[in-house]
Structures are given as C-alpha cells and as structure tokens.
Amino acid sequence: MPVIFITDAFIFLLVFMVSAYVLYARQHEHLRAPWHDVARRPLAMSAAIILVVYVAVGLLDSVHFHPELEATETTQAVQSTEVSSLLDLVLDDLRKNTERTYSAPLASYAFSKEMIDLPNGKQIRDYPRLKFGGVHLNNPETERLADISKHIVIGLLFGLIISLLVSTVIVFILGKSHKISFKQAINKICHNDFLVSWTAMLITMSLIIMAACIIFNLSQYYHVFGTDKVGQDVLYQAIKSVRTGLVIGTLTTLVMLPFAIMMGLMAGYFRGWIDDVIQYLYTTLNSIPGVLLIAASILLLQVYIGNHADDFNSIEERADLRLLFLCIILGITSWTGLCRLLRAETLKLREIDYVQAAQAFGVSNMSIMLRHLLPNVMHIVMITIVIDFSGLVLAEAVLSYINIGVDPSMNSWGNMINGARLEMAREPIVWWSLAAAFVFMFILVLAANLFSDAVRDSFDPRLRH
Amino acid sequence: MISYILRRIAYAFPILIGVNIITFVLFFVVNTPDDMARMQLGMKRVDDAAISKWKEERGYDKPILWNQDAEAIEKITDTIFFQNSVKLFIFDFGRSDSGRDIGYDISQRMWPSLAITVPGLILGLLAYITFGLTLAFFRGSYVDVSGVILCVVMMSISGLFYIIGGQYLIGKFFHLVPISGYDTGFNAIKFTVLPVLVGLVGGIGSSTRWYRTIFLEEMGKDYVRTAKAKGLSETRVLYHHVLMNGLIPILTGVVVILPSLFIGSLIVESFFAIPGLGSYTIDAISAQDFAIVRSMVFLGSVLYIIGLILTDISYTLVDPRVRLN
C-alpha cells in the first residue's frame, strides 16, 4: 500500500519536469549545445556521476509504503502503521542491527563500560561485546584488524570485478553506437577521444562501485561509521539524510521559480508602476534577515502544529509538512536574487528589435513574455538553479543546528551534527557522527559546486566566447 | 548630493513600514496572542484564566487594530498594533515575554558582537584581497589552478565544521585559547581570537574566488594594456592600477553589511558562547520569546536598509555619474 507524502509528490513532479526538459532540449540545438559543452568537461562529468548516485538514493527513499506485517496463524496479514521506503528495504540490515548505545566505527566492543554478568555469577565492570559489530570473531583483540583487512580486500575485489564488467558493457554499447569495433572503442576511451567525457565518467563510476562494495561488505559484519547514542547505525542515518538534503536543495528552487520568473519578467517588461511594486516587494522581503524570517516562520509553524496536533496521522507526516514549509520559507527568502537578475536582463531585452517587432505586429504582452523573453532568460534561470543547490544543502545543516530546520525526528545531516555537538565534550571524543555527516555532505556539495561551475561556464553567453 | 541622500532616506520609509506590517501579520494575525500564550504556558493543561493573565501582563489583551472602548486618540494608540509594532519605529522595543527590557539588552549585547565582527571584517578583507590578488597575478599557472581548486574545496565544507574543527584543534588539542566564553575589557581578546580566526578561514573559499574574478576582469581592461605599453612594471601595474580599481566594487560591496555588524553572527556566537546579539536571538528562538525575535527582525531590517543607503552614497562618492540620474 503506497503512501505519498507531499514532498514525494513534488519530487515526482520534479522528475517529470526534468524528463520533459531533457526531451525538449534534445530537439533544440541552442539548448543541446551548452549541455554538450558541459559533457566535454571531465571534472563536470565526474561530478555529475556522483550527483546521479545521490539522486538515485534520494529517489529510492521517496517511494513510501506501509510495510506488510507477516501473517501469523491467528491473525491475517495486516499493514504496519509505520511508513517505510524502498531504501529502507535495501538497508534493512543496517536499520535492524542496532546496539545499546555508542560504539566506535568498526568496533567489536562497546564504547563505554557496563556491568557484565559472568557465567560464574559474578559481575565485572568492562567493555561489553557488541550485539552485531564483529560478533563472528572469537577473540576480537587479535583477530579484528586481520578480519577487517580481509573484508576490505574481498570488497575491493568484488568492486573491481563489478566495475570491470559494467565498464566493458558501457564501452561495448559505445562502440556499437559509434559504429566502431570494440577494440577501437577501448582505444578511444584510453585516449579520452569521445565528444562526451566517458573516460572520467567510467573512472568515477568504478571508484564509487569499489567504495560501495567495500562499505557494503564491511557493513555485513561491522558498523562502518559506528553507532549513535541510541545505538542506531550512523551509516544508515547518513544515507537516509541524502533525501532531506536533496529535497531542500531542489524543492526550494522549484517552489520559488514560478514567482521569480513571473515577477522578474513583468517588472522588466512593463516597467512603470508594476516595476515599482515588484521592486518594493523584493526589497522589503530582502531587507528582513533571512535567518530571522525563517526562525519566525518556523516558530509560528510549531505553534500551528501544536494547536492542530490531531490533524496529522503520523510523526512522519508532520515532519514532512515541516520540510515542505521550510522549503517554501527558504524559497521566499531566496527568490529575490533571481527576480532581480531577470528584471535587469528583461529591461535590456525589451529594447531589442525582435521584441519591438512583436509589439508592432500586435502580439499580446503575455505571449511576448512567454515566447520571446522567457526562452532568452532561461540560461540565467538554469545557472541560478545549479548554483543555489549547494548553498541550500549547507543552509539546511546550519538551520537544523539552531533548531529551526527540519523536524528533529527526521534524518538529516544538520540533525546529526546537532546531536553530535554535545558528544564533542566527551573523553575520548565521539567523532563518528560528525565524520559521517561531513563526508556525505562534503562529497555532495563539492560535486554540486564543480557541476554548477561547468554549467555556468557553458550557459553564460558572456563566458562562452 | 544632500537632496539625493534625503530622497534615498525617504524611499526607505515605505520599506520599513512593509517590514513592520509583515512582522505584525506574522506574529499577531497568523498566530493570535492566545496561541502564543498556550505555547508558553504548555500546550494541554492550561485554563483560560492563565491565558488571560499571561496576555494582560504583556499587554497582548488589547484589540489588534482599533480599540472601540478607548477615548479619542487612544482608539488607535491603545492597541496591539500601535503598542508593539508602531513603537518599533522610535526604537522602543518594549519588554520581552519574560519581562526584560529589550532595548537595554540590545545596548549591552551589541559590544561583544562588534568585538567579533569588526576584527573579522578587517582581517578578512586584508586576507582575501591578498589571496585574490596573488591568484590573479599568477593567472593560468599551477598556483592559480591549485588555488582555485582549493577555494572550491573550502567552499564545499559547511561552516559548522570549521567551527567544530577550530574549537577542537586550537582550543582542545593545542590548548592555546579557551574554547568558548567571554570576559569584559581586555580579557575579552583571548576569547575573540578563535571566533575571528574561524570566521576568516570559513570565508576564504568563496571570497578569494570572487575577488580573483574581480581582479581578473580589471586586468583585461584597456588602461592596464596602456600602462604596460608605457613600460610600467608588472608589479606596479598590479598594485597601483588593478588593486586600486578592483577595490571599488569590493569596498562598495562591503558597505551594505557594515551596519549589520551590530547583529553579529548567530552560529558563531552560539558555538563560542559570546553574549552578543546573535546568541541573544538564538536564545530567544529556543525560548520562543516572540517579542525579542520580533524586535530583532525589525532591527535587522533597519540596519540592512541603512546599509543599502550607505552603499548608494558610497557609489555616488566613487562614481559621480550615478548622482546625475
């Protein structure tokens, strides 16, 4: 039985729009050309592969359903009230293998001492063995390092085999589509001779597959990133946080885009009092410090949720509403920049001959804006979308840290950092939640930054020549 | 010039009124004082008497816009809108929901904020301009390429990690300065070193890259070629012509944030336990003190608008053509 959260619906809408854009862009040379330019850049394509992996994880995590509880003799199969996603099915082992409390990455003993009952009835105070991490070892002190190395090597070998297989298939398909022999195709790959930077993509892909295989293999026996205060696997949290980061980065833009485009075009095209009103509107919104506006709005949302607690079926639904609301608020604080850029560009474009000609032919204002102005400012929109993305992912962490971000019950990198800040004072230090959040965020934001640089260089007509 | 400045200030008032109305609607219309009272006093177990008392103590029991029962001018003045929103214009912030004088708190807490932000801004400008100019000087070489890559890498790290990393490395590992806290007078210096340093490092990535672009743009202009053709040395062109002209967009860009330095940084202050306006706001947010948040929203907007006016004035000083429009 599928469950569709509001953000899920928006994500599917976004997927649909991106697909439609791809189909449209394929048929139009002026849109194809800059994307071909992006595809020629090795760094950008490596970044794109990483982004695709993140998006795949995020999409898997966006298909929600009520899992079916197994039927027993006395009861019929019933649906659980909790909500689960496809990603949860994939990561079922990670989710279920919990410990009692903190444990370090790849550890086999708990992080803190506890009272242990010995078989002879006595009690001692020592580090207990973990329920899951390294439970297959008889004598962890001596065997653990060798065992970890063994599993890393096995994972690496599997990764090598899989990436070789996948690469071979891709090269084979490439050879077929370019009508050259397999050997020629390999040769071309080695010399990076294709118009699209396949070499960089294959290398990145292989590295990701190998890393994933190693982590997967290790996670069968250990907690790769340790466990947190309540004993939940940190790797699981970090992967589940991917969706939150992506939703904030993309939905915010999706929400604000129609307003920014409409307002920007109208202000630039009509000028006069419409321009004055729109300028007044965005200067006013802009002058309220963004963080404070978000804080005020989230406070008010909390009041609303507190007073209407009965309207929500589950904690997930409430968290989801808050996520969407956060996107909308971030959108309200960030649409002004794009609007101002579009207004300035439209002011220039409206004086150009083709707009004047359209006016002379009696084309309505609406169609001039949609058919003549909009396509000519789309590159600004495209550049803004990709540049804003990384900033929004970072903003989520900061906002969640000061408790005005996503719901505390939701998995997000900001919440992981927030939860870890008190652990920093412990001795020895509990660093792995921070490390996991750092690694996952850094890779995503770095990839997004590199990709957005390439998109900007390719789409901005001033930089293109 | 005077008339231009007066006109700019006159334009600012409608914006301030807009901000005021937005905050008023957010805090008193979308959520009524009853909601706030319930939030403060606990959601479920609260009776009407307690709510009325809470509202009466804070003056939230008045009508929102129009007081039918009052006499003459008080029909307008004895309302929530006038008492709590209009009075912000004369910087009468009133009392916080917990009963403290907000105006006094602000006047006390702005100094620690300034102690962090002012050195941070000055040192930051010096560092970023130096880095940006160096990269622009070595344009196209390995220094430039690796510098830009480093900038992108540093941009991709969340500011939170710079703070945590700095606190751990300098405060806890090397024991050079205290991790957090604040003191009065000159004792405060040792508490400001770390936040200033962390803020500086955190901004390197984006600022250096941006300044490099500005300098590169400047280097491509005709006057640079003329200067070189006249036989000036590369360094002289760089320091006397490119640097001076590149400073114009950089410094006019800085002017807009100058007044906002009072507010301080929310994140840095809360991490380092600096008793400035940033942590004041954070505390108010977590204590759900609407009066303080409302005052800070308005104060922040006023400072930003002052920054905009100052920017316009600095443009007219730098480029007299602007004044003629």
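Analyst: D92(B) counts as partly exposed because 13 C-beta neighbours lie inside 10 Å; a residue is buried with 20 or more other C-beta atoms within 10 Å of its own, exposed with 12 or fewer, and partly exposed in between, the C-beta atoms being placed from the backbone. The model is predicted, so local features need pLDDT of at least 70 and side-chain atom pairs count only at pLDDT 80 or more, whereas totals for chains, interfaces and linings use all residues. Residues are numbered from 1 along each chain as its sequence is written, and chains are lettered from A and ligands numbered from 1 in the order in which they are written.

D92(B) sits in the loop of chain B between α5 (80-85) and α6 (102-137); helices (H or I, at least four residues) and strands (E, at least two) are DSSP runs numbered from the N terminus. Setting aside residues up to four places away in sequence, D92(B) touches K87(B) and G103(B), where contact requires C-beta atoms, placed from the backbone, within 7 Å.

Beyond its neighbours within four places in sequence, F451(A) is in contact with A44(A), A47(A), A48(A), L51(A) and V386(A).

The two chains also meet: 39 residues of chain B are in contact with 34 residues of chain A. Elements that each supply at least two residues to this side of chain B include α1 (2-30), α2 (33-41) and α14 (290-318). By class, the side of chain B that touches chain A has 26 nonpolar, eleven polar and two charged residues; Ala, Val, Leu, Ile, Met, Phe, Trp, Tyr, Cys and Pro count as nonpolar, Asp, Glu, Lys and Arg as charged, and the others, Gly among them, as polar.

As for confidence, chain A averages a pLDDT of 86, and 97% of the residues score at least 70; pLDDT is the predictor's confidence in each residue, from 0 to 100.
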